[in-house]
Amino acid sequence: FNKVQWLMEHYDATTQDYEKYAIKLDENQYTRNLIKNSPYFTLMLLMWPANIASPVHDHGGSECWLRVVKGSLEERFYEKPDKESSPIQLRFSQVHKADAVCFINDEQGLHSISNPSDDEWSISLHCYVP
């Protein structure tokens with residue numbers, strides 16, 4: 001945990017370093033661009049159009065570190081419902097600005113990510129283990 005956290009916090013790539021992975025496919029949904037897939041981790045660069053959100057989701061047993069590379073992202077945390085028919089309850093939300101690193105796994109519940117900007121794209125780097 002600490003090693004991955006440290007690496008994500010000290011990521012110092014320039015725009016040119018990740019530019020070839022910064023593919024924007026659609027202004028109506030976020031785009032996930034694979035950088036590296038190995039038995040130990042998956043590294044992805046996500047492109048977030050203005051006012052676009054991910055669905056509420058868990059991480060299927062993986063741990064996930066997210067670093068905001070450009071712009072800002074809002075993360076909303078939800079309680080896992082007791083039953084499939086139970087409504088999902090928002091616990092809290094927080095905004096992460098450029099260079100912020102956050103972590104989530106399934107023990108923390110569900111979450112969604114969104115770009116709160118009305119006119120700017122945001123970019124995030126995600127490391128999933130395993």
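Predicted model: local features only at pLDDT ≥ 70, side-chain atom pairs only at ≥ 80, totals over all residues.

Visitor: Which way do the residues of β6 point?

Guide: Val101 and Phe103 point one way from β6 (residues 101-104), while Cys102 and Ile104 point the other way. Side chains in a regular strand alternate between the two faces of the sheet. In β6, the residues on both sides are buried.

Visitor: Why is leucine 45 called buried?

Guide: Buried means under 20% relative accessible area. Leucine 45 has 0% relative accessibility, so it counts as buried. This leucine is found in strand β2 (residues 42-48), and the residues it touches include Tyr18, Tyr21, Val69, Ile123 and Leu125. Aspartate 82, by contrast, lies 33 Å from leucine 45, C-alpha to C-alpha, at 37 residues apart in sequence.

Visitor: How do you know that β8 is mostly covered?

Guide: Strand β8 (residues 122-129) has 8 residues, and 7 of them are buried.

Visitor: Which strands pair with β8?

Guide: β2 and β8 pair in the antiparallel sense over 7 bridges, with leucine 43 opposite cysteine 127. β3 and β8 also pair in the antiparallel sense over 7 bridges; there, glutamate 63 has valine 129 as its bridge partner. Each pairing has 7 bridges, and the cut-off is at least two, so both count as pairs.

Visitor: Why does the radius of gyration of the protein chain agree with a compact globule?

Guide: For 130 residues, a compact globule would have a radius of gyration near 14 Å, and the protein chain has 15 Å, so the two agree. The C-alpha trace spans about 45 × 35 × 20 Å along its principal axes, and 42% of the residues count as buried.

Visitor: How many helices and strands does the protein chain have, and what pattern do they follow?

Guide: There are 2 helices and 8 strands. Read along the sequence, the pattern is α-α-β-β-β-β-β-β-β-β.

Technical notes
Residues numbered from 1 in each chain as written. Heavy atoms only, no water. Buried < 20%, exposed > 50% of the residue type's maximum accessible area, 1.4 Å probe, protein only. Helix = DSSP H or I, 4+ residues; strand = E, 2+ residues; numbered from the N terminus. Rg over C-alpha atoms; globule rule 2.2 N^0.38 Å. Contact = heavy atoms within 4.5 Å. Lists of a residue's contacts leave out its neighbours within four places in sequence.
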